[in-house]
Amino acid sequence: MAKLNWGMIGGGEGSQIGPAHRLGAGLDGEFAFAAGALDHRPEEGKAYGRRLGLDPDRAYGSWQEMLAGEKARDDRVDLVTVATPNATHFEITKAFLEAGFHVLCEKPMTMTVEEGEELVHMASHTGRICAVNYGYSGYSLVRHMRAMVARGDIGKVRVVVAEFAHGHHADATDADNPRVRWRYDPAQAGVSAQFADCGIHALHMASFVTGQEVNKLSADTVSAIEVRTLEDDAMVNFRMDGGAVGRLWTSSIAIGRQHGLGIQVFGETGGLRWTQEQPNQLYYMPLGQRLQVIERGEGNLSPEADRTSRVTVGHAEGMPLAFGNIYADLAEAIRARKEGRTMDPAANLYPRAEDGLRSMAAVFAVAESGKAEGKWVDARPPMFR
Ligand SMILES: NC(=O)c1ccc[n+]([C@@H]2O[C@H](COP(=O)([O-])OP(=O)(O)OC[C@H]3O[C@@H](n4cnc5c(N)ncnc54)[C@H](O)[C@@H]3O)[C@@H](O)[C@H]2O)c1
């Protein structure tokens, strides 16, 4: 079976997230890395693309050149990943969708709710895939958690607790460092810093695992380092459309915490707990019984977990493999379209433009509520009210 062609915008040499995408996309041999506009500096981007093995005529100097070049080819890329800084996502994703490409966009998908709604409409009317990289939802045991909740293993969900709290911006003496400062500057970051960067991953995880969406929220936001305009710590209470109560803590000043993403779900007949730094174990407590540790790779867990587990039980799988599972979903979605068949339902879990839009509505709701001393506000995008 011929490989699908994959292209990337952003993710240049030294970027944080570029390597994880290249590892993830290459994992199953489904995608061939065929084109890229990898850097905001055209010559550096072309040179790095060639070093990574791109043909010189497909190592582009800008995304506009890549769009024009790929549109003109019979073997144009089947999927484009957008891994540039946040403020560029909307323009690039829109242009590629309009031209008929499938897109995987990094989070946050847009800077405003209106832009998010536009991409949802555009994906719908072009019939193209507009996926959003909530890559942590690709972990095998996160998918198993979702399957366990859906099949009723813990009964009706009462409470979901999500966290994404790290300590990497905790040093007040480093707050003026330009690499840190822009994140807390509304002119560059928008209405929110820590919630928009990390909180939305935790919120997406809460929705993904429970199968419920956020209706309303109340936020307590703080700039613990006082020179910052935007928040570096937030506690968000929320309510979901299936009745679950949500609690979310996100922070960048939690000294001693590393990545700090985790999720707990408590239902009427059981509880589940998973953390991203120990992703190969899922803790399951059925009511009135002993704590069980579910290991990734045990087999026969659920179709969603079995499909996304590759390495033998007892050998750790980590973040690039979780990204790989998003790419595996997308490969299946694209092949199913090409072959005119229904896709494997266990692969139909990649986050979509609707998820990116819901996150953006939550970002604005957190900013509004935080300014109004925690007033409860509607967290749904207008098009879903
Ligand atoms: N899903 C996740 O888990 C996750 C994790 C980290 C970052 N991200 C997101 O990924 C995106 C990139 O983050 P990063 O930390 O890798 O940033 P980075 O600053 O480390 O790298 C950005 C790269 O994009 C390139 N670039 C900038 N503008 C460009 C343009 N117009 N055309 C082509 N290339 C361009 C830069 O040269 C650089 O190589 C951000 O939106 C961030 O929120 C997501």
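Contact here means heavy atoms within 4.5 Å. By that rule, 16 residues of domain 1 touch 21 residues of domain 2. This is a predicted model: local features need pLDDT of at least 70, side-chain atom pairs count only at pLDDT 80 or more, and totals for chains, interfaces and linings use all residues. Residues are numbered from 1 along each chain as its sequence is written, and side-chain values use heavy atoms, with hydrogens and water left out.

**Domains and their interface**

Domain 1 covers 4-136, and domain 2 covers 140-310 + 356-378. The bounds come from an automatic or database domain assignment. The C-alpha centres of the two domains are 26 Å apart. About 1600 Å² is buried between them, and carbon and sulfur atoms give 68% of that area. Buried area is the accessible area (1.4 Å probe) that two parts lose on being put together, summed over both.

**Salt bridges**

Side chains of opposite charge can pair when their charged atoms come close. The rule asks for a side-chain nitrogen of Lys or Arg within 4 Å of a carboxyl oxygen of Asp or Glu. The whole structure has 27 such salt bridges. Two cross the interface of domain 1 and domain 2. Asp28 and Arg310 pair through their side chains at 2.8 Å, N to O. Glu43 and Lys46 form another salt bridge, with their closest N and O atoms 3.8 Å apart. Both residues of this pair lie in helix H2 (residues 42-51), three residues apart, about one turn of the helix. Helices are DSSP runs (H or I, at least four residues), numbered from the N terminus.

**Cavities**

A cavity is a set of points on a 1 Å grid, over the protein atoms alone, where a 1.4 Å probe fits but cannot get out; lining residues have an atom within 4 Å of a point. Volume is the space filled by probe spheres set on the points, which are joined across faces, edges and corners. The search finds two cavities of 30 Å³ or more.

| Cavity | Volume | Lining classes |
|---|---|---|
| Largest | about 50 Å³ | five nonpolar, four polar, two charged |

Ala, Val, Leu, Ile, Met, Phe, Trp, Tyr, Cys and Pro count as nonpolar, Asp, Glu, Lys and Arg as charged, and the others, Gly among them, as polar.

The largest cavity is lined by residues including Tyr139, Arg296, Glu317 and Asn325. Helices H6 (140-150) and H11 (319-339) each supply at least two lining residues. H11 gives the largest share, three residues. His169, Arg183, Tyr184, Ala193, Gln194 and Asp197 line the second largest cavity.

Terms used:
1 Å grid on protein atoms, 1.4 Å probe; cavity = no way out; pocket = protein on both sides within 12 Å on 5 of 7 lines; lining within 4 Å.
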